2 protein chains.
Amino acid sequence: MSTATTTPKRADARRNIEAIVEAATTLLAADPDASMLAIAKEAGVGRVTLYGHFPSRPVLIAEVAARAIAHTDHALNAVDTDGDPREAMERLLVATWGLTHRFGGIVVAANQALAPDAVRQAHEEPARRVRMLLERGREQGEFTASMPVEWQLTTIQAVLHAASAAVHRGEITAEQAPSLVSATVIAALTPPG
Amino acid sequence: MSTATTTPKRADARRNIEAIVEAATTLLAADPDASMLAIAKEAGVGRVTLYGHFPSRPVLIAEVAARAIAHTDHALNAVDTDGDPREAMERLLVATWGLTHRFGGIVVAANQALAPDAVRQAHEEPARRVRMLLERGREQGEFTASMPVEWQLTTIQAVLHAASAAVHRGEITAEQAPSLVSATVIAALTPPG
């Protein structure tokens, strides 16, 4: 076989893989129970092509989750967490909100299809960044140190997920969500008076 | 049949029903997937007795949920929601926390086994009380009115459920939870400055 015939085939396979992963990311984000059939349809490929690249749903979900984690790390790396802790927390929350809302359904799908370890990883790195900033803000007296850091982290995750669910229910809009999340968390970290 | 022979039988049936419902409440609160077999064992009754009174798991769960809702209404009715809105909110949150933590697993079990309407009811009445107090506090300027009431309600529910999950994970103790929930929610409702 000459390169002339294999290269287009490889390029074709690569395009199909990208289309499948992209379709799976979109569908699973909206519905964690999205089927392989629906994903193939959305990607514009046949069942045989889909299962040729991803022999089972968990294999595909693992790839989608790995990419979501990589994308999340990349996006959070771009956030400036220096300077005033409250302003830094606002920047970090707005970025994290976007990722939570975009990838929330994928975390649910991964929870159902993959081992707990694979899922824990999705939260660890974002949580580590929030924790570091939280600790700095507590030391500087900007955030209250009268509650355990663990509890404050739990509260922040709960508010982020609650906002995503509220957008899905139509209670608030995706445009309102980042400022509501940010105002609510900053207030929760700053006791009255 | 004389009353002398039927009364002990009826009393026996009543005792069994109470034992089954009590066992189901305890087991489902800790594990929403608790089986009928485990419930019968905990209640100290046989399979035949259990299924004689509750022909299916959903029937039993419906009874457990109905009693949890009645108990919740009764407990929340006893809370004084008059006076200073912050103090009233603290009292209401501490009472609601206890019920969320005690009946949380039952809500999950009901979610899986019953129609959505039956489950919505479990949250409606407690939510109505919090909303009324929230609106009064906003009008009096004690709670911020710069966020939608719906979002504030969502935040409160998210913090309550997060606290219950954190206790189950061993992150915080059941003794710490009520004051953390209350301090976090009051802070979230009161913007800094």
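Residues are numbered from 1 along each chain as its sequence is written, and chains are lettered from A, with ligands numbered from 1, in the order in which they are written. Because the model is predicted, local features need pLDDT of at least 70 and side-chain atom pairs count only at pLDDT 80 or more, while totals for chains, interfaces and linings use all residues; side-chain values use heavy atoms, with hydrogens and water left out.

Chain A has 8 helices and 0 strands, where helices (H or I, at least four residues) and strands (E, at least two) are DSSP runs numbered from the N terminus. Read from that end, the elements run α-α-α-α-α-α-α-α. The C-alpha trace of chain A spans about 75 × 35 × 30 Å along its principal axes.

Two packed helices are described by the angle between their axes and the distance between the axes. Here the axes are lines fitted to C-alpha atoms, for helices over the stretch in contact, and angles run from 0 to 180 degrees between N-to-C directions. H7(A) and H8(A) pack at about 155 degrees, with their axes 10 Å apart. That angle makes H7(A) roughly antiparallel to H8(A); the classes are roughly parallel under 35 degrees, roughly antiparallel over 145, roughly perpendicular from 65 to 115, and oblique for the rest. H7(A) passes H8(A) in a right-handed crossing (left-handed if the near helix is turned anticlockwise from the far one by less than a right angle, right-handed if clockwise). On the H7(A) side the contact (heavy atoms within 4.5 Å) is made by Gln152(A), Ile156(A), Val159(A), Leu160(A), Ala163(A) and Val167(A). H8(A) supplies Ala177(A), Val181(A), Thr184(A), Val185(A) and Leu189(A). By class, this contact of H7(A) with H8(A) has 9 nonpolar, 2 polar and no charged residues; Ala, Val, Leu, Ile, Met, Phe, Trp, Tyr, Cys and Pro count as nonpolar, Asp, Glu, Lys and Arg as charged, and the others, Gly among them, as polar.

H8(A) also packs against H5(A), at an angle of about 135 degrees and with the axes 9 Å apart. H5(A) and H8(A) are therefore oblique to each other, and their crossing is right-handed. From H5(A), the contact takes Arg86(A), Met89(A), Glu90(A), Leu93(A), Val94(A) and Trp97(A). Its H8(A) residues are Ala177(A), Pro178(A), Val181(A), Ser182(A), Val185(A), Ile186(A) and Leu189(A). The residues of this contact divide into 10 nonpolar, 1 polar and 2 charged.

In chain B, H5 (residues 85-113) and H8 (residues 177-189) pack at about 135 degrees, with their axes 9 Å apart. This makes H5(B) oblique to H8(B), and the crossing of H5(B) and H8(B) is right-handed. Among the residues in contact are Arg86(B), Glu90(B) and Trp97(B) in H5(B) and Pro178(B), Ser182(B) and Ile186(B) in H8(B). The contact of H5(B) with H8(B) comprises 10 nonpolar, 1 polar and 2 charged residues.

Rolling a probe the size of a water molecule over the atoms shows where empty space is left. A cavity is a set of points, on a 1 Å grid over the protein atoms alone, where a 1.4 Å probe fits but cannot get out, and its lining residues have an atom within 4 Å of a point. Grid points are joined across faces, edges and corners, and a volume is the space filled by probe spheres set on the points. The count comes to 2 cavities of 30 Å³ or more.

The largest cavity has a volume of about 380 Å³. Of the 26 residues that line it, the closest to its centre are Thr100(A), Val107(A), Ala122(A), His123(A) and Pro126(A). Helices H4 (57-77), H5 (85-113), H6 (116-139) and H7 (149-169) of chain A each give two or more residues to this lining, and H5(A) gives the most, with 8 residues. The lining of the largest cavity has 19 nonpolar, 7 polar and no charged residues.

The second largest cavity holds about 30 Å³ of space. Its lining consists of Met147(A), Gln152(A), Thr155(A), Ile156(A), Ala188(A), Leu189(A) and Thr184(B). H7 and H8 (177-189) of chain A are the elements that give two or more residues to this lining, and H7(A) gives the most, with 3 residues. By class, the lining of the second largest cavity has 4 nonpolar, 3 polar and no charged residues.

Key. On a 1 Å grid over the protein atoms alone, a cavity is a set of points where a 1.4 Å probe fits but cannot get out, and a pocket is an open set with protein on both sides within 12 Å along at least five of seven lines; lining residues have an atom within 4 Å of a point.
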